[in-house]
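Visitor: Hi, could you walk me through this one? I'm new to it.
Guide: Happy to, here it is.

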Amino acid sequence: MAESGVADRSVVDLRSDTVTRPTAGMREAMATAEVGDDVYGEDPTVNALEAEVAALFGHEAALFAPTGSMANQIALQTVVPPGDELLCDADAHVVTYEIGAAAAYGGISSRTWPAAGADLDPGVVAGMVRPDGYFAVPTRAIAVEQTHNRGGGGVIPLATLRELRRVADADGLALHCDGARIWHAHVADRVPLAEYGALFDTLSVCLSKGLGAPVGSLVVGSAERIGRARTIRKRMGGGMRQAGVLAAAGRYALAHHVDRLADDHAKAARLAEALAPFGVLAAPVRTNLVPLDLTKTELDARGLAAAARAEGVLISVLGPRQARLVTHLDADDDAIDRAAKVLTAILRH
Ligand SMILES: Cc1ncc(COP(=O)(O)O)c(C=O)c1O
């Protein structure tokens, strides 16, 4: 088990897997990283990270970006011209939490299928595609999320993705993967990253969620697309200089924190097992997210979160009666046991 960087061990923070702090080993890798000016393409650690991630997904190139949101938006701008259309899930991060960026920066028109999490139906998506023509907004790309955040960490099955690839190919569309937590899907379903990579034209993958790096995502794709992505990143203000200190954290995370995600999945399953008798699980737990639906209880999400906080356990409120717990590198087995004890005690009363 990797060492934890949590400063205050008395608080169990299960709001998100973004709350992790760099471990001692990661900080050491950052402190000793070789760096250069990445806008000149001269940071050896960034270059190494980009090459490594491109190879992992079997693509020609990758581009380091500060955040998952920026990586998604850069990728989308490479596949959908201004005025044209992107199809995605109504609960997708790209249309829920990226503050209208596709429209504001890319001039991209988005249309959504009814929220389905990981259970999306490629037939429904196929029925939404609008062909090229002057009379309607032409569809250019389809985006999916692996794993699905608002879909409770669900994993889209490989067969569904292959079917979606056929849908995209039938109409010459690009397929984008918001792979902020694709590592979790890889570990849960034992699908090689390159197999996922082969299905998508572009991917964004994140180092600062479950992998525990403080900063960083990558856009993955063809050399031609990543060349354009580099220009778009600069336009969006994402050209960083001695970013090798951050890339070093990402390289360390890839080397040390991918396989251990199975521990986080096991911890989420244990939490789910403890909470299941109260009828509050919104969906089966597949990875590191535990989505809660409190409609069968007398509690609302704010009430549960406040009561848990008073006992030193932090959870996320997603809606009036929806909440979420997320397991990660900085919440060890004892922390999970404590959270389960606190939450079950609140639910029992
Ligand atoms: C599925 C998904 N995509 C993208 C992002 C965006 O990442 P960032 O917060 O680094 O912009 C997140 C963040 O939680 C996410 O869950």
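Visitor: What is the strand order in the open sheet of 3 strands?
Guide: The order is 9-12-11, with antiparallel pairing; two strands pair if DSSP finds at least two bridges between them. Strands (E, at least two residues) and helices (H or I, at least four) are DSSP runs, numbered from the N terminus. This is a predicted model, where local features need pLDDT of at least 70 and side-chain atom pairs count only at pLDDT 80 or more, while totals for chains, interfaces and linings use all residues. Residues are numbered from 1 along each chain as its sequence is written, and side-chain values use heavy atoms, leaving out hydrogens and water.

Visitor: Which are the edge strands?
Guide: Strand 9 (289-293) and strand 11 (316-319), as each pairs on one side only.

Visitor: And how many bridges join strand 9 to strand 12?
Guide: There are 5, and strand 12 covers residues 322-326. L292 stands opposite A323 in strand 12.

Visitor: New topic: which residues of helix 11 are buried?
Guide: Among them are G244, L246, Y252 and L254; buried means under 20% relative accessible area (1.4 Å probe, protein chains only).

Visitor: What do they pack against?
Guide: The buried residues of helix 11 pack against helix 1 (24-31), helix 2 (44-56), strand 2 (61-65) and helix 8 (182-189), with contact meaning heavy atoms within 4.5 Å.

Visitor: What about the ligand: which polar side chain lies 2.7 Å from a nitrogen atom of it?
Guide: That's D178, through a polar side-chain atom. For oxygen atoms of the ligand, a polar side-chain atom of N149 lies 2.8 Å from one, and K209 has one 2.9 Å from an oxygen atom. A polar contact is a pair of N or O atoms within 3.5 Å.

How values were computed
Buried means under 20% relative accessible area, exposed over 50%, partly exposed in between (1.4 Å probe, protein chains only). A polar contact is a pair of N or O atoms within 3.5 Å; within protein, one must be able to donate a hydrogen and the other to accept it, and residues adjacent in sequence count only if both atoms are side-chain atoms.
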